[in-house]
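Here is a short report for a first look at this structure. It starts with the ligand site and moves on to charged pairs.

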Amino acid sequence: MRAVNSISFEVKEREILGIIGVSGAGKTTLSRIISGIITPTSGEVNFRVGDEWVDMTKPGIEERGRAIGYIGLLHQEYDLYPHRTVLDNLTDAIGLEFPKELAAHKARISLSMAGFTANRLEAILPKHPAEMSEGERHRVAL
Ligand SMILES: Nc1ncnc2c1ncn2[C@@H]1O[C@H](COP(=O)(O)OP(=O)(O)OP(=O)(O)O)[C@@H](O)[C@H]1O
Ligand SMILES: [Mg+2]
């Protein structure tokens with residue numbers, strides 16, 4: 001019994017690939033393999049970092065560890081603290097031990113990296129999770 005079998009694809013720079021399948025098809029397992037959380041029993045997974053190719057099937061900081069910092073996974077079961085603002089969710093709530101101003105600055109950088117424009121970002125910082133769209137909540141969690 002295999003969790004994932006016969007999957008083959010290539011994603012080029014700036015391309016977006018969606019993985020669709022019925023429950024139990026192997027999407028989560030595949031994403032765990034791509035991000036180097038688990039090692040496949042066979043097959044190849046190569047990830048380009050700059051000019052170098054990283055073999056994601058090889059554990060260790062000199063191997064797939066070189067790529068892991070560039071890969072982020074947003075889990076199906078993500079959550080934000082419902083009674084805290086976006087700013088708090090990105091600072092206090094995760095125990096970010098920086099002076100307040102620096103923590104807020106870091107939160108703004110993270111949000112802009114998740115695709116929020118400067119204006120939109122200021123608008124959502126004081127909001128609670130229930131006051132945002134699902135896509136906005138996802139990007140804050142990411
Ligand atoms: N740790 C594990 N050990 C053994 N089998 C597993 C493990 N994790 C998942 N499986 C099995 O591997 C298959 C693929 O699971 P996976 O979680 O990748 O599916 P999925 O496509 O993400 O499903 P869903 O849409 O329900 O999240 C399923 O048959 C599942 O029961
Ligand atoms: Mg899944």
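## Ligand site

Ligand 1 is surrounded by Ala 3, Val 22, Ser 23, Gly 24, Ala 25, Gly 26, Lys 27, Thr 28, Thr 29 and Gln 76 (a residue is near a molecule if one of its heavy atoms lies within 4 Å of it). By class, this shell has three nonpolar, six polar and one charged residues.

An oxygen atom of ligand 1 lies 2.7 Å from a side-chain N or O atom of Lys 27. For Thr 28, the distance from a ligand oxygen to a side-chain N or O atom is also 2.7 Å. The protein buries 50% of the 630 Å² that ligand 1 exposes when taken alone (Shrake-Rupley method, 1.4 Å probe).

## Basis of the model

This is a predicted model: local features need pLDDT of at least 70, side-chain atom pairs count only at pLDDT 80 or more, and totals for chains, interfaces and linings use all residues. Residues are numbered from 1 along each chain as its sequence is written, chains are lettered from A and ligands numbered from 1 in written order, and side-chain values use heavy atoms, without hydrogens and water.

## Salt bridges

The whole structure has eight salt bridges (a side-chain nitrogen of Lys or Arg within 4 Å of a carboxyl oxygen of Asp or Glu). In one of them, Arg 120 meets Glu 136 at 2.8 Å, N to O. Arg 120 lies in helix α5 and Glu 136 in helix α6 (residues 134–141), so the pair ties together parts 16 residues apart in sequence (helices are DSSP runs of H or I, at least four residues, numbered from the N terminus).

Why does Glu 136 count as buried? Its relative accessible area is 10%, and buried means under 20%, exposed over 50%, partly exposed in between (1.4 Å probe, protein chains only). Arg 120, at 32%, is partly exposed.

Note on methods. Polar contact = N/O pair within 3.5 Å; in protein donor to acceptor, adjacent residues only side chain to side chain. Nonpolar A, V, L, I, M, F, W, Y, C, P; charged D, E, K, R; others polar. Helix = DSSP H or I, 4+ residues; strand = E, 2+ residues; numbered from the N terminus.
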